Amino acid sequence: METPQKPGLPKNLKLVFRRIGEQLEAYYNGPYRSALARAERDEEDLFMLLVYAESLGIPNPVSLYTLELQPLMLERFHQWHQRMGMERSPLDELRCC
């Protein structure tokens, strides 16, 4: 005697719900994607200003800690000054290109 199967339920229901979730996320985030990217870029620029504040002559109370981050942020700094239209690094003591 065969057991009756549940009609209409796929075997991989978890995969189906995950794909539906991805599609819904893309649908709802789509119109705001550029605004979110701009906000993320602004946030990164603000963090970079905090890290390089002492080099720009702005007193920074946490410069001891941000000094350790400068070598890690060098590639982002290079991308930033090129995005801002500066061919060379604006800081004399910081040569990235």
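With which residues is S89 in contact, leaving aside its neighbours within four places in sequence? Contact here means heavy atoms within 4.5 Å, and by that rule S89 is in contact with F77, H81, L94, C96 and C97.

## Basis of the model

This is a predicted model, in which local features need pLDDT of at least 70 and side-chain atom pairs count only at pLDDT 80 or more, while totals for chains, interfaces and linings use all residues. Residues are numbered from 1 along each chain as its sequence is written, and side-chain values use heavy atoms, with hydrogens and water left out.

## Overall layout

The secondary structure of the chain comes to four helices and zero strands, where helices (H or I, at least four residues) and strands (E, at least two) are DSSP runs numbered from the N terminus. Read from the N terminus on, the elements follow the order α-α-α-α.

The accessible surface of the chain comes to about 8600 Å², and 57% of it belongs to carbon and sulfur atoms; such areas come from the Shrake-Rupley method with a 1.4 Å probe, and for residues only the protein chains shown count as cover. A residue is called buried under 20% relative accessible area, exposed over 50%, and partly exposed in between (1.4 Å probe, protein chains only). Of the 97 residues of the chain, 14% count as buried. Among the contacts with a separation of 6 or more, 27% are accounted for by residues 24 or more positions apart.

A nonpolar patch on the surface is formed by L13, V16, F17, I20, L24, Y27 and Y28, with about 720 Å² of accessible area together. Patches are made of residues with over 30% relative accessible area and no salt bridge, with like charges joined within 9 Å and nonpolar side chains (Val, Leu, Ile, Met, Phe, Trp, Tyr) within 5 Å.

## Aromatic rings

Rings of Phe, Tyr and Trp (its six-membered ring) pair if their centres lie within 6.5 Å, and planes under 30 degrees apart count as stacked, over 60 as edge-to-face and the rest as tilted. By this rule the count comes to three aromatic pairs. The rings of Y27 and Y28 have centres 5.2 Å apart and planes at 75 degrees, so this pair is edge-to-face. Elsewhere, Y52, F77 and W80 form one aromatic cluster.

## Helix α4 and the segment after it

In helix α4 (residues 74–83), the buried residues are F77, H78 and H81. Seen down the axis of α4, these buried residues fall within an arc of 100 degrees, so they line one face of the helix; the arc is that of the directions from the helix axis to the C-beta atoms. What covers the buried residues of α4 includes α2 (33–51).

Just after α4, G85 takes a positive phi of about 90 degrees. S89 is found in the segment after α4 and is buried, with a relative accessible area of 14%.

The side chains of D45 and R83 meet in it, at 2.8 Å from N to O. The pair links distant parts of the chain, with D45 in helix α2 and R83 in helix α4, 38 residues apart. R83 is partly exposed, with a relative accessible area of 41%, and, leaving aside its neighbours within four places in sequence, R83 is in contact with R41 and D45.

T66 lies in helix α3 (residues 63–66) and is buried, at a relative accessible area of 6%. Its contacts, leaving aside neighbours within four places in sequence, are with L50, V51 and N60.

E54 is found in the loop between α2 and α3, and at 43% relative accessibility E54 counts as partly exposed. With neighbours within four places in sequence again left aside, E54 is in contact with P59, N60 and S63. The C-alpha atoms of E54 and T66, twelve residues apart along the chain, are separated by 9.2 Å.

Conventions
Salt bridge = Lys/Arg side-chain N within 4 Å of Asp/Glu carboxyl O.
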